[in-house]
Amino acid sequence: MRFDRTSTGVVGRWWWTVDRPTLLALFILICIGAVLVTAASPAVAVRIGVNPFHFTHRQHIFLVLSLFVLFVVSMQSPQNVRRLAIVGFLISLGLMTLLPFMGAETKGARRWLTIAGMSVQPSEFLKPCMAVVMAWIFHLRNQYVGFPGWRIAIGVYAVVAVLLLVQPDLGMVVTVSVMWALEFFLAGLPFIWVVMLPLVGAGGLFGAYHMFAHVRKRIDSYLDPTSGDNYQVETSLKAFGNGGWFGQGPGEGRVKLSLPDSHTDFVFAVAGEEFGLIFCLIIVFLFAFIVIRGMSKILKGNDFFTMIAVAGLLAQFGIQAIINMGVAVNLLPAKGMTLPFLSYGGSSLIAIALGMGMMLALTRRRYGHAEVRPSQRNM
């Protein structure tokens, strides 16, 4: 099989048209995630009485599946990405409607369904699919005069937000809302809405504060550390203090022995203690590089659908990373949200791989609506 610039095979064309620097950055994050979960999860496994490498083995399986999903989805055409997103969105939405009745309750929330013996979080898969579906709706409005794209987009968002609040999952609502608002803005949001959306968002947060006790408790604890239980955040900050510039060394961290969510929500703290501040800055750089490079690529293109979809996918990827790392260093109120590709979690890993695969597929170099053949580059 030929694999040079003149290759006409599917894999060859993919390799010479995909954004390889972004692909490399994603692969590095996946490798870092494998190391961090291996370092953080044994202590958690021992505390709950299972095999010390229970989470490590499962995570490595999920990482292999994620790489497969990332690879296969990134090879698809924009049309296939759109079709995949529509099907995925409808399935995820349908599963979310079952959560109040069939979902497993964990820490007062119903976010998980057991399907074929496996726990699945439908909202994780809904996020990337929704970004592409919203872009398609805005694209149709841009193409066809009289198509009620804005009304449909608002209606779909309202349904999704209600289903997320029923779980409840305010962090997911914030992530989806930022993504939806950015896509709406890029699609030509009227100026009055530009003014109103931040006010509506602030009103929503105010309402959530008064409606949900756990939200009120977390915000109060953030504003006044003496008013509630801040054990995890305080322990996380201690981990960063212990790590210093270069860390205690792989496997030498001690805070993870007492940090309940060290392999999920606070895996960034494990990175800080065992590998140090420099390593954490490298992680921040990788997330920033992926988002900024992706945004810069769509600014050079002229395809409306691609611009909106990629912006939405990158927005949710970046916002999720910001929330997780912000909580770990006490810059944001506590919120259970995984760090993309670094935290333990099957649904989260595969869903993020799906979203990044879509982003890579949509940002591949193309000539018009067809892929750029290597032989066409110098024509």
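Modeller: Happy to! Two strands pair if DSSP finds at least two bridges between them, and strands (E, at least two residues) and helices (H or I, at least four) are DSSP runs numbered from the N terminus. This is a predicted model, where local features need pLDDT of at least 70, side-chain atom pairs count only at pLDDT 80 or more, and totals for chains, interfaces and linings use all residues. Residues are numbered from 1 along each chain as its sequence is written, and side-chain values use heavy atoms, with hydrogens and water left out.

Now to the sheet itself. Strand E1 and strand E2 (residues 109-115) run antiparallel and are joined by three bridges. In general, strands of a sheet pair through backbone hydrogen bonds, either parallel or antiparallel. Here three strands make up an open sheet, ordered E1-E2-E3, with antiparallel pairing. Strand E1 (104-106) and strand E3 (118-120) are the edge strands, since each pairs on one side only. From one strand to the next, the twist averages 40 degrees.

As for what packs on the sheet, that is helix H4 (residues 78-102), which touches E1 and E2; contact means heavy atoms within 4.5 Å. The direction of H4 makes about 105 degrees with that of E2. For such angles, axes are lines fitted to C-alpha atoms, for helices over the stretch in contact, and the values run from 0 to 180 degrees between N-to-C directions.
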